[in-house]
Amino acid sequence: MSTMLAIKELRSYYGQVQALHGLELSIREGAVTTLLGANGAGKTTTIRAVCNMVRSTGSIEFEGKSLMGRSTESIVQYGIAHVPQGRGTFTTMTVEENLQLGAITRKDTKAISSDIEKMYAYFPVLKQRHTQQAGTLSGGEQQMLAVARALMLRPRLMLLDEPSFGLAPLIVRDLFGILKKINLEDKVTILVVEQNAQLALELAETAFVIETGRIVMSGNAKEIANNEDIRKSYLGY
Amino acid sequence: MTTAHETAPAATASKKAAAAAAPSMNIARVASLITLALLLLVPLFLKNFYIFQMTQWLIYAIALLALNILTGGSGQFSLGQSAFYAVGAYTAAVMMEILGVNYALTLPVAGLICFVFGFLFGLPALRLSGVYLALATFALAVAMPQVLKLHFFESWTGGVQGLVIIKPDPPEFLKTIGLKVSQDMWLYYFTLVVGIGIYIASVNLLASRSGRAMMAIRDNQIAASAMGIDVPLYKTLAFGISAGITGVAGALGAIAVAFVAPDSYTIQLAIALFLGMVIGGVGWLPGSLAGAAFIVFVPNIAESISKGLSGAIFGIILIVIIFLVPHGARQVAYMAQHLIGKIGKSS
């Protein structure tokens with residue numbers, strides 16, 4: 001399998017503060033990759049840098065094309081969907097309107113409505129609530145909505161920013177099960193950023209560990225999960 | 001992902017939703033038809049002065065609609081609407097009195113000029129949000145009357161004196177078919193037609209792809225850009241559209257009052273519009289009529305209660321309304337709808 005996303009020498013800044021210090025990361029097409037690390041290590045910044053939401057230098061290539069200096073909306077057009085931290089629900093709109101917004105860059109109206117039905121099949125709870133204001137959904141339901149909305153883009157690569165945040169363990173298991181299914185059946189390549197290392201390592205094939213803006217460890221997810229030294233020193237479980 | 005053609009369940013689902021929403025839809029439809037009928041018929045039985053006040057009311061409603069699109073639609077605040085209103089008013093005045101253009105033609109020009117002005121102002125405003133944006137627009141509102149007084153523009157604007165406009169007469173064909181229509185009545189119906197046109201266009205705008213993009217930005221800017229929405233474009237577009245509609249309202253205002261002067265368009269007007277939006281219910285377009293009624297008629301009511309303390313009485317009325325129905329006319333409409341629904345069920 002070929003490399004889909006290649007990040008090299010990535011340095012990102014919030015004003016004067018540097019958050020990433022020469023980060024290197026690559027994602028194979030068709031795989032699930034996870035980026036693990038503690039609070040403030042630079043996980044969210046990495047995702048935001050890919051979508052050009054933060055000032056960065058270095059190189060980010062998606063299928064050989066450079067993403068540096070492109071606007072966020074044109075990066076989305078390449079088929080890169082971003083599920084933002086905290087779900088990013090459009091709270092005053094209905095569930096269905098949220099899903100339609102996920103497809104706002106698409107013009108194939110018929111396929112959009114059939115994709116909405118497909119999302120309802122993945123997440124039956126969203127169908128039950130499709131006319132309800134999205135802000136009234138529970139945390140887990142909003143996270144499912146965020147994933148479904150990102151899929152409405154028909155992405156080739158999906159970037160998930162801490163999907164497990166604030167969710168009950170059982171709901172997280174469900175969600176990760178669906179992510180695996182999306183990865184296998186819809187051939188969506190996935191990068192999932194997580195603090196919940198245990199679960200992310202079960203889902204992913206490849207893992208990267210980030211600390212203070214640098215990758216300190218990378219490799220096969222199972223090997224990293226089985227290596228007690230790494231687990232204790234970096235992942236804290 | 002693969003495309004399975006499963007549109008049938010979608011269709012039935014939306015039908016069900018429509019059936020469930022039908023009673024409330026009917027109430028809303030009946031209410032809007034009654035409102036429309038009243039707007040059409042009431043002026044026929046009124047004296048010219050009251051017709052003039054109703055025209056003022058409609059004009060403010062249009063200006064409020066514009067603010068609702070900006071704040072309710074895209075989540076941006078503005079205390080500078082009076083500046084756009086002033087530009088629209090002066091555009092109409094200068095075109096009619098100095099260039100001799102027909103009054104009806106001044107509206108699209110005023111709209112266009114204000115759209116460009118609003119769009120350009122929206123560009124620097126992109127870096128600001130919330131209360132900071134409100135402050136920047138406040139500065140615009142404060143500066144506008146002074147700019148209009150500048151000696152440099154005096155040959156066009158009439159400086160401090162302003163410009164007197166000749167009120168347009170009703171078209172000749174009304175006389176030939178035997179209808180006697182006063183200037184005020186003609187202007188009322190002219191404003192009503194323009195207002196209905198703008199209302200329909202605004203409803204369609206908010207329901208369109210662009211409208212959804214604006215509302216997504218209002219709800220969550222980061223998520224909106226992650227969906228591929230061009231956030232700067234839609235934010236400035238919202239500013240431009242809002243300013244454009246406000247400009248049309250300003251032009252209508254100038255024609256109706258038959259006079260423009262810098263001090264008619266001070267920050268007080270901008271604050272009145274902001275107030276009207278809150279009273280009508282932020283983001284609820286029909287509320288514009290209620291909000292405009294408040295800013296046109298309540299000061300008169302306050303004055304009829306006490307000449308010396310009219311300001312204080314206005315304040316008390318305002319506080320009572322905000323306290324009882326913080327979401328304004330929108331809340332009253334929902335409560336009424338709920339009540340009628342209940343009565344309908346029990347009978």
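**Contacts, core and sheet**

Leaving out neighbours within four places in sequence, Ala148(A) is in contact with Leu99(A), Met119(A), Tyr122(A), Phe123(A) and Leu126(A). This is a predicted model, where local features need pLDDT of at least 70 and side-chain atom pairs count only at pLDDT 80 or more, while totals for chains, interfaces and linings use all residues. Residues are numbered from 1 along each chain as its sequence is written, with chains lettered from A and ligands numbered from 1 in the order written.

Q: What makes two residues count as "in contact"?
A: Their C-beta atoms, placed from the backbone, lie within 7 Å. Leu99(A) is one of the residues that meet this with Ala148(A).

Q: Why is a set of residues called a nonpolar core?
A: The name applies because its members are buried Ala, Val, Leu, Ile, Met, Phe, Trp, Tyr and Cys residues joined through C-beta atoms within 7 Å; buried means 20 or more other C-beta atoms within 10 Å of a residue's own. The largest core here has 165 residues, and Ala148(A) and Ile62(B) are among those touching the most other members. Helix H2 (residues 48-74) of chain B gives the most to this core, 15 residues.

Q: How do you know that S4(A) and S5(A) pair?
A: Pairing takes at least two DSSP bridges. Strand S4 (residues 55-62) and S5 of chain A have 2, in the antiparallel sense, so they pair by that rule. Glu61(A) stands opposite Ser66(A) in S5(A).

Key. Helices (H or I, at least four residues) and strands (E, at least two) are DSSP runs, numbered from the N terminus. A residue is buried if 20 or more other C-beta atoms lie within 10 Å of its own, exposed if 12 or fewer, and partly exposed in between; C-beta atoms are placed from the backbone.
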